Amino acid sequence: MRPLIQSLPGSKIREVANAALGRPDVLAFWFGEGDETTPAVITEAAIESMRRGETFYTHNLGLPELREAIAVEMTRRHAPAGRSHPITAGQIAVTSGGVNGLMLAAQALIDPGARVVAVTPVWPNLTAQALIMGADLHCVSLAPRIGEWSLDVARLLDAITADTRVLIVNAPNNPTGWTLTRTEQAAILDRCRQTGTWIVADEVYESLYYEPTAGGCAPSFLDVAQPEDRLVVVQSFSKSFLMTGWRLGWLVLPPSMTAQMGNLIEFNTSCASVFTQRAGIAALAHVDEVTPRVVSHLRLCRDTLIDALAAHPRVQVARPRGGMYGFLKVEGHDDSLATAKRLVAEAGLGLAPGEAFAPESSQWLRWCFASRDTRRLSDGVERLSRWLSSQ
Ligand SMILES: Cc1ncc(COP(=O)(O)O)c(C=O)c1O
């Protein structure tokens, strides 16, 4: 195996989850998904497709009708925010999940030794994929202020040098809940235009946004960019349609890049499965029923969790504007991996260690608040409180 692959760090979230094997009593909030199954109207579309015998390979870039439906949905989301150009089917590549889309972007853009800048803390797959491609990776860290994380834009702009090939940015952010403003996006895009840097924008949480906005989603680089800007936006069905297990996502690309991306997909997965894509078409046809319900329940989950945590004098936490994670710091417990393992063993509570996302968040813990029953969240906070009182 390539030494580079051998040296990839193992998942610290898995390390904590493994410590709970054989412990069904543990209340687990460590992974980035909820416990609600996919809406029946989406699942039925896949079942019908399979019954019809749609069990063959299909187009590298995805079913034309799905690409069209995605283009319509993306235009609907972004036109009210000021985007002047519609997003067209010719800019869409269907992928086997957001993570596959991210890997395709990394393969397409990162040469060995290329300078890549990433905003961290971030879901570790993004930085690991750059490393797999042999990137010379530079991280620019967000900084916490009373629990809320923010970006020093000037520092980021300084890091985007003339030889920076790619900027990786995930907002709304997993794990911190940080989001970008449109002004910040415009400044970053401007800088990347000057340096010829590609932006890989992971916007898989854009619909899980709790602030009022025109398009009903978080600020996106698509709102400020022109079609031929060096911008790849990564999207997913996983979060806003409750479809994590389906492995379906998409990329929004400059039109001139799409055909070659189809070729790259050929060498990775060839295509996303047809019946999964049929489920994607059904999801988009019912977006107005599914996503607002998901978001309104997640808002309730967020408020239940954050209100309970914020009431605890030893917990520092901010209310995230987007995503589905609370990110907290517990006074006196600065080693997140050790704390997460102790919480499993001594409190029956499963959280993800901040160390998994960047060294600068190694004192923090991530709590996924996507839970069908909000009482699970209250029970979890009670377990944390009891554990802290016993220290
Ligand atoms: C920031 C971020 N990007 C991408 C993904 C990938 O999602 P999926 O591959 O399920 O579409 C995740 C999943 O947790 C994520 O948190």
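How many Å separate the centres of domain 1 and domain 2, taken over C-alpha atoms? The separation is 25 Å. The legends below take the views one by one.

This is a predicted model, in which local features need pLDDT of at least 70, side-chain atom pairs count only at pLDDT 80 or more, and totals for chains, interfaces and linings use all residues. Residues are numbered from 1 along each chain as its sequence is written.

**View A. The two domains and their contact.** Domain 1 is made of 3-38 + 289-389, and domain 2 spans 42-286. These bounds come from an automatic or database domain assignment. The contact takes 35 residues from domain 1 and 38 residues from domain 2. Two residues are in contact if their C-beta atoms, placed from the backbone, lie within 7 Å.

**View B. The side of domain 1 that touches domain 2.** Two or more residues each are given by α1 (3-6), α11 (287-310), β11 (315-317) and β12 (325-330). Helices (H or I, at least four residues) and strands (E, at least two) are DSSP runs, numbered from the N terminus. The largest share, eight residues, comes from α11. By class, this side of domain 1 has 16 nonpolar, eleven polar and eight charged residues. Ala, Val, Leu, Ile, Met, Phe, Trp, Tyr, Cys and Pro count as nonpolar, Asp, Glu, Lys and Arg as charged, and the others, Gly among them, as polar.

**View C. Helix α4 against helix α10.** The axes of α4 (residues 64-78) and α10 (residues 274-285) come within 9 Å and cross at roughly 30°. That makes α4 roughly parallel to α10. Angles under 35 degrees count as roughly parallel, over 145 as roughly antiparallel, 65 to 115 as roughly perpendicular and the rest as oblique. Axes are lines fitted to C-alpha atoms, for helices over the stretch in contact; angles run from 0 to 180 degrees between N-to-C directions. The crossing of α4 past α10 is left-handed. A crossing is left-handed if the near helix is turned anticlockwise from the far one by less than a right angle, and right-handed if clockwise. From α4 come Glu 65, Leu 66, Ala 69, Ile 70 and Glu 73, and from α10 come Gln 277, Gly 280, Ile 281 and Leu 284. These contact residues divide into five nonpolar, two polar and two charged.

**View D. Helix α11 against helix α13.** Here α11 packs on α13 (residues 374-389) at an angle of about 15°, with their axes 9 Å apart. That makes α11 roughly parallel to α13. Their crossing is right-handed. In α11, Leu 300, Cys 301, Thr 304, Leu 305, Ala 308 and Leu 309 meet Thr 374, Leu 377, Ser 378 and Val 381 of α13. The contact has seven nonpolar, three polar and no charged residues.

**View E. The shell around the ligand.** The ligand is surrounded by 13 residues. The closest are Gly 97, Gly 98, Val 99, Ser 236 and Ser 238. A residue is near a molecule or strand if its C-beta atom, placed from the backbone, lies within 6 Å of it. The shell has three nonpolar, nine polar and one charged residues.

**View F. Backbone details in two loops.** Pro 172 is in the loop between β7 (164-170) and α8 (182-195). The peptide bond from Ala 171 to Pro 172 is cis, with omega near -5°. Pro 175 also lies in the loop between β7 and α8. The bond from Asn 174 to Pro 175 is cis, with omega near 25°. Ile 146 sits in the loop between β5 (143-145) and β6 (148-150). Phi of Ile 146 is near 45°, a positive value in a residue other than glycine.
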